[in-house]
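I opened the notebook to go through one model.

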Amino acid sequence: AVGPKIFQYVVKVIAQAVQLLYVMLRMDRPSYILLQNPPGLPSIAVAWVVCLVWRSKLIIDWHNYGYTIMSLTHGRNHLLVQIAKWYEKLFGRLSDYNLCVTNAMKEDLWEKCNIKAITLYDKPASYFKETPLELQHQLYMKLAKVYEPFKEQYVSSAERSAFTEMDHKSGCVTKARGRPALLISSTSWTEDEDFSVLLKALEDYEKFINEGIKLPSLVCVITGKGPLKEYYNQLIDKLHFKHIQICTPWLEAEDYPLLLGSADLGVCLHKSSSGLDLPMKVVDMFGCCLPVCAIHFECLHELVKHNENGLIFRDSNELAEQLKMLFLDFPTLQGKLENFRRNLQASKQLRWDESWDQTVLPL
């Protein structure tokens, strides 16, 4: 941390380039180098140099543009952003094959960079699936030891969480009567997700209940860690809800798919920095047959089909109205929420391995 920021950044990039080049040139010769971008600075250039040395093929997997992510912090006209944009276009053209995550990005790569790509949609891994009730109960009891919203609200003879209970004699697990609805969102707590939108919608949801609308209590779980987590935790601490509980746990890797498969509704606030990539968290939620409310951006329709597998909203007011509409019939099986779930169950999506074999293997 010496000298101006731009000097620090240049030194960091040079150091990473040398380190990466050293590591890659010591590997056995690969036939292909598959590189996910971003981050692409300095890895695209280094991978290209290594491919020249080894006479290997370079495949770039475009998930977004690095320069658009940098522009969230520095602004689109910043010198570093412009250099990164030039760099990505130049070295991107030197690849042998290209994959990308949306048709919109495929068109953009061709029009702006003269790069021909194949669309490979993200698909959920096989462990993202609906969670059986017994496993849900085990997970809730485990989380209840640490997080207040999962604890039983009153003492009973059964082993009970806020959502499920198990009869000691029969060992049978049932969903608890009068249980709250479980809403889940996951985030890396960065600038491309504005969580104040969700917090404002929850304030409106609380008002709906106070006005006498028959809605369930909510437990809102926001998972993940990142730079803005502390900032939003401070905002959450200032909210005083009677009918809504919010917790921001960091889950163990094996617990995250189980919680997605147990939830009633997912919320996605990811706004693509380029408008051309799709949120992986929604892919995972759909793998668990979990309906989603997602904030609108340019190519989201390639994943979220409005009124079919979820809903798309533009602001906190629209999200609040969607929450009210979806939870009005809770927990009956006749409402729109259950229709979305049934549509996801019927869609029989491809899993990651199958998608890879169909799209990438022919290359």
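Which side chain meets Asp204 in a salt bridge? I looked it up: Lys200 does, at 3.1 Å from N to O. A salt bridge here is a side-chain nitrogen of Lys or Arg within 4 Å of a carboxyl oxygen of Asp or Glu.

Ground rules, noted before going on. This is a predicted model, where local features need pLDDT of at least 70, side-chain atom pairs count only at pLDDT 80 or more, and totals for chains, interfaces and linings use all residues. Residues are numbered from 1 along each chain as its sequence is written, and side-chain values use heavy atoms, with hydrogens and water left out.

**Salt bridges**

I placed the Asp204 pair next. Asp204 and Lys200 sit in helix H7 (residues 196-210), four residues apart, about one turn of the helix. Helices (H or I, at least four residues) and strands (E, at least two) are DSSP runs, numbered from the N terminus. Asp204 is buried at 9% relative accessibility, while Lys200 is partly exposed at 33%. Buried means under 20% relative accessible area, exposed over 50%, and partly exposed in between (1.4 Å probe, protein chains only).

I noted 10 salt bridges in the structure. One of them joins Lys324 to Glu321, with the closest N and O atoms 3.4 Å apart. Both residues belong to helix H11 (residues 316-327), three residues apart. Glu321 is partly exposed, at 41% relative accessible area.

Then I checked Glu252, which forms a salt bridge with Lys142; their closest N and O atoms are 3.4 Å apart. Glu252 lies in the loop between strand S10 (244-247) and helix H9 (255-260), and Lys142 in helix H6 (residues 133-144), so this pair ties together parts 110 residues apart in sequence. Glu252 is partly exposed at 42%, and Lys142 is partly exposed at 34%. A network of salt bridges links Lys142, Glu252 and Asp255.

**Nonpolar cores**

I turned to the cores. A nonpolar core is a set of buried Ala, Val, Leu, Ile, Met, Phe, Trp, Tyr and Cys residues joined through side-chain atoms within 4.5 Å. The largest has 65 residues, and Phe150 and Leu259 have the most contacts inside it. Helix H2 (residues 43-54) gives the largest share of this core, six residues. At least three residues come from each of domain 1 (2-119) and domain 2 (133-347). Those bounds come from an automatic or database domain assignment.

What does Phe150 touch? Leaving out residues up to four places away in sequence, I listed its contacts (heavy atoms within 4.5 Å); among them are Tyr140, Phe163, Val221, Cys247 and Leu259. A second, separate core of 37 residues includes Phe195, Ile209, Tyr232 and Leu337.

**Sheets**

I traced an open sheet of six strands, ordered S10-S9-S8-S11-S12-S13, with parallel pairing. Two strands pair if DSSP finds at least two bridges between them. S10 and strand S13 (310-313) are at the edges with a single partner each, so one side of each has no neighbour in the sheet. Strand S12 (residues 292-295) joins S13 through four bridges, and Ala294 stands opposite Ile312.

The other sheet I followed is open, with four strands in the order S1-S2-S3-S4, and its pairing is parallel. Strand S1 (32-37) and strand S4 (118-119) form its edges. Strand S2 (residues 57-62) pairs with strand S3 (residues 97-100) over four bridges. Here Trp62 stands opposite Cys100.
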